[in-house]
Amino acid sequence: MDELVVGGFLPVTTIDFPDRLACVVFCQGCMWRCAYCHNADLQSAVSKSAIPWGEVFAKIESRKHLVQAVVFSGGEPLMQPAVVDGVKQVKSLGLSVGLHTNGVQYETFRVVLPMLDWVGMDIKTTFSDYHKITGQAGSGEIVKKSLALLLNSEIAYETRTTISPGVHTVSDILTMAGEIAAMGVDTFALQAYRAARDDLYTLETKNAPFFSKEVTDKLKALFKRYIPRHH
Ligand code: SF4
């Protein structure tokens with residue numbers, strides 16, 4: 001089996017796994033090209049600056065008494081089947097494992113899910129509008145299936161949506177939130193749009209309607225835990 005292709009490694013973070021110090025493994029490659037992607041360097045399946053998995057694992061092993069968890073992020077970690085072995089190896093060190101995923105690799109998600117301790121799943125928009133962001137027909141239905149699988153597991157999770165003002169309206173966000181709440185989602189984070197090309201005033205203006213009191217109150221009413229990430 002091919003080795004996991006890793007595009008970056010963060011030795012310690014406090015924000016990528018709830019309440020735990022964690023390392024982050026940024027897996028190379030993503031099948032989508034979301035306009036707001038903050039890890040565009042990781043979209044290509046190959047990278048000249050890729051770090052060999054053996055080197056990454058040695059770094060994790062050397063930190064196993066300093067952190068409590070490892071998060072596989074990306075890119076889209078589940079695009080590489082080798083992530084399954086990576087997760088197993090990290091678990092063998094006694095560390096918790098988290099996963100950031102867009103949910104579209106259902107079969108690999110099904111295999112890896114029982115080994116995970118926490119999942120952060122992107123929900124891009126309403127399931128029927130997914131193609132507007134991903135360009136892939138039917139992608140929303142696969143993500144819906146992965147979300148249902150996650151909700152039927154005992155694994156801790158967060159769903160999160162990054163605002164894309166050119167694509168999302170406030171109404172889209174509320175419709176999507178209603179859809180996932182109806183499926184049983186109880187934890188949802190709304191993440192501000194943060195494109196580097198826009199200055200602070202423009203960002204604030206574009207994000208403001210999505211974080212208004214009216215919208216916030218509606219989202220708070222839908223979820224047990226609503227997390228606004230405005231900054
Ligand atoms: S799914 Fe995530 S990693 Fe892939 S292009 Fe979209 S934002 Fe970037």
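**View 1. Helix 5, checked for length.** With 13 residues (139-151), helix 5 should span 18 Å at 1.5 Å a residue, and its end C-alpha atoms agree, lying 19 Å apart. The expected span is 1.5 Å times one less than the number of residues. Helices here are DSSP runs of H or I with at least four residues, strands are E runs of at least two, and both are numbered from the N terminus. This is a predicted model: local features need pLDDT of at least 70, side-chain atom pairs count only at pLDDT 80 or more, and totals for chains, interfaces and linings use all residues. Residues are numbered from 1 along each chain as its sequence is written.

**View 2. The buried residues of helix 5.** Look for Ser139, Gly140, Val143, Ser146, Leu147 and Leu150, the buried residues of helix 5 (20 or more other C-beta atoms within 10 Å of their own, C-beta atoms being placed from the backbone). They cover an arc of only 120° around the axis, which puts them on the same side of helix 5; the arc is that of the directions from the helix axis to the C-beta atoms.

**View 3. The packing partners of helix 5.** Its buried residues pack against helix 3 (106-112), helix 4 (130-134) and helix 6 (170-183), along with strand 5 (118-122) and strand 6 (156-162). Contact requires C-beta atoms, placed from the backbone, within 7 Å.

**View 4. The ligand shell.** Around the ligand you will find residues including Cys30, Trp32, Arg33, Gly74, Glu76 and Asn102, counted if the C-beta atom, placed from the backbone, lies within 6 Å.

Conventions: A residue is buried if 20 or more other C-beta atoms lie within 10 Å of its own, exposed if 12 or fewer, and partly exposed in between; C-beta atoms are placed from the backbone. Two residues are in contact if their C-beta atoms, placed from the backbone, lie within 7 Å.
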